[in-house]
Amino acid sequence: MKDNEASSTAFTVAQGLLFAAKTSKYSALVDEQVISVSRQILQGSEQGRHRLKQLESWWFCKLAKVRERLLLPGISLHYVLRKRHIEQLTLKALSEGVTQVVVLGAGFDSLCWRLQQTFVDVNFIEIDHPATQSQKVKALEEDSFDSSNMHFLAVDFGRQQLKTALSEFRGFCPEKRTLFICEGVLMYLNQQDVDTVFESIRALTGSGTQFIFSTLEPRESAKNTVPKLLYRHLEKLGEPVVWDIDSSQMQTYLQKHQCQLHSIAGGAELVEQQIKEQLNQKMYQGEYFVHCSF
């Protein structure tokens, strides 16, 4: 990722959600508000408008379906399922007394922006790279309703530490019961930086803090069907995959950080949770989601 450009992955995920909403048999799984906010964010930049225009093209959608089948089967539906999984875990945490939600590397995700309208007593904070966040904030500024419980903090994790940046941020309340979310980010950090994220979270809000994050099965694992071509493509984009860990080793890893594992959900589990009928398409495997607490 270039310093002055928004994350390509952020654009791809937002476009993927809208693509699934338009073309998938399971389009009903994409909430109308998710569609609306995602379109609003993409409409706020030249590249985003280009992505929206692509979705209006019949030939683009046809080609995208073929490309998806060949490279990463079911990836657009996977975006939908993982967003729903995280939202369900978040809503459960809020029902159990969490009063602060901090999203690390939020990209163009709409979760906090949607929830802060309903949960007005909850503090929501999104942290992301300045180039990505500035495009999102600019697009969302068009809304006129009160968003005093919604905060944005620009952080370059390659140059700044989470602990320092967040502890100095006036919008952050260390005394609140907090849920941290880190979707599709940790795999782009090295082992030391991932460890630092865990150490920072513990230092910031302490025992009882919840953490939802995703990572990848090792690329050589039979549980990972991501093609080598995609790894090379991400490297060319400047967003190479650096950290992965076998899901069978996750509990041991979490114990080193004094964390309790609550759940692990891979692609198969996401399908089982969200789709009640027989799945009629192939789904890639590799990314999985972890819910734990300190």
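These legends go with close-up views of a predicted model.

**View 1. An open sheet of 7 strands.** The strands run in the order β3-β2-β1-β4-β5-β7-β6, and the pairing is mixed. At the edges stand β3 (150-154) and β6 (260-265); each has a single partner strand, so one side of each goes without a neighbour in the sheet. From one strand to the next, the twist averages 20 degrees.

**View 2. Strands β1 and β4 side by side.** Here strand β1 (residues 100-104) pairs with strand β4 (residues 178-182) in the parallel sense, over 4 bridges. If you want a spot to start from, take Q100, whose bridge partner in β4 is T178.

**View 3. Two helices packed on the sheet.** Helix α5 (residues 75-95) touches β1, β4, β5 (210-216), β6 and β7 (287-293), and its direction makes about 10 degrees with that of β7. Helix α12 (residues 267-274) also packs on the sheet, touching β6 and β7, but its direction makes about 80 degrees with that of β6.

**View 4. A network of salt bridges that includes R82 and K83.** The linked residues are R82, K83, D109, E183 and E287. In the pair R82 and E287, the closest N and O atoms are 2.8 Å apart. K83 and E183 meet through their side chains in another salt bridge (3.1 Å, N to O). That pair also links distant parts of the chain, 100 residues apart: K83 is in helix α5, while E183 is in the loop between β4 and α9 (191-205). K83 is buried at a relative accessible area of 17%, and E183 is buried at 13%.

**View 5. K136 and E126, a buried pair.** Both residues are buried, and their side chains meet in a salt bridge (2.7 Å, N to O). K136 lies in helix α7 (residues 130-140) and E126 in strand β2 (residues 123-128), so the pair ties together parts 10 residues apart in sequence. The structure as a whole holds 10 salt bridges.

View 6. Helix α4 (residues 58-71) gives the most to the patch, with 3 residues. L229 belongs to helix α10 (residues 228-236). With a relative accessible area of 45%, L229 is partly exposed.

Definitions and conventions. Residues are numbered from 1 along each chain as its sequence is written. This is a predicted model: local features need pLDDT of at least 70, side-chain atom pairs count only at pLDDT 80 or more; totals for chains, interfaces and linings use all residues. Side-chain values use heavy atoms; hydrogens and water are left out. Buried means under 20% relative accessible area, exposed over 50%, partly exposed in between (1.4 Å probe, protein chains only). Two strands pair if DSSP finds at least two bridges between them. Axes are lines fitted to C-alpha atoms, for helices over the stretch in contact, and angles run from 0 to 180 degrees between N-to-C directions. Contact means heavy atoms within 4.5 Å. A salt bridge is a side-chain nitrogen of Lys or Arg within 4 Å of a carboxyl oxygen of Asp or Glu.
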